[in-house]
Amino acid sequence: MWTVDLSKVVTAEQKAAEMRAALQAQYSAAIQAHLDAKARERQYDGIQTAITYRGDPNPQFSAEGEALFAWRSAVWTYSTDELVKGKRRLRPIGQAVF
């Protein structure tokens, strides 16, 4: 007689949770890639490097570091809000504009 191994059963709720987690990871990776790409356009290794120049003795580096720091925060705030809207189905995910 065949018996079900309950340890191997995957429920619809588990599949949905896995899909949500994967979507969240993809969304976050895309945002991070966008931030890094913009910093690289200004000859920094990435956004993390760029923001370390806040308060630098070189006025240009300091200003860019400060601007990119504020911009990074604004991007993540906006993106997080859009993801919440998407999760609530108020807006299809992927329509956010950066």
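Predicted model: local features only at pLDDT ≥ 70, side-chain atom pairs only at ≥ 80, totals over all residues.
Residues are numbered from 1 along each chain as its sequence is written, and side-chain values use heavy atoms, leaving out hydrogens and water. The chain averages a pLDDT of 88, and 91% of the residues score at least 70.

The secondary structure comes to three helices and zero strands, in the pattern α-α-α along the sequence. Helices (H or I, at least four residues) and strands (E, at least two) are DSSP runs, numbered from the N terminus.

The axes of H1 and helix H3 (residues 59–87) come within 11 Å and cross at roughly 155°. Axes are lines fitted to C-alpha atoms, for helices over the stretch in contact, with angles from 0 to 180 degrees between N-to-C directions. The crossing angle therefore makes H1 roughly antiparallel to H3 (under 35 degrees counts as roughly parallel, over 145 as roughly antiparallel, 65 to 115 as roughly perpendicular, the rest as oblique). Residues in contact (heavy atoms within 4.5 Å) include Tyr27, Ile31 and Leu35 of H1 and Trp71, Val75 and Trp76 of H3.

The C-alpha atoms fill a box of roughly 75 × 30 × 20 Å, taken along the principal axes.

Definitions and conventions
pLDDT = per-residue confidence, 0-100.
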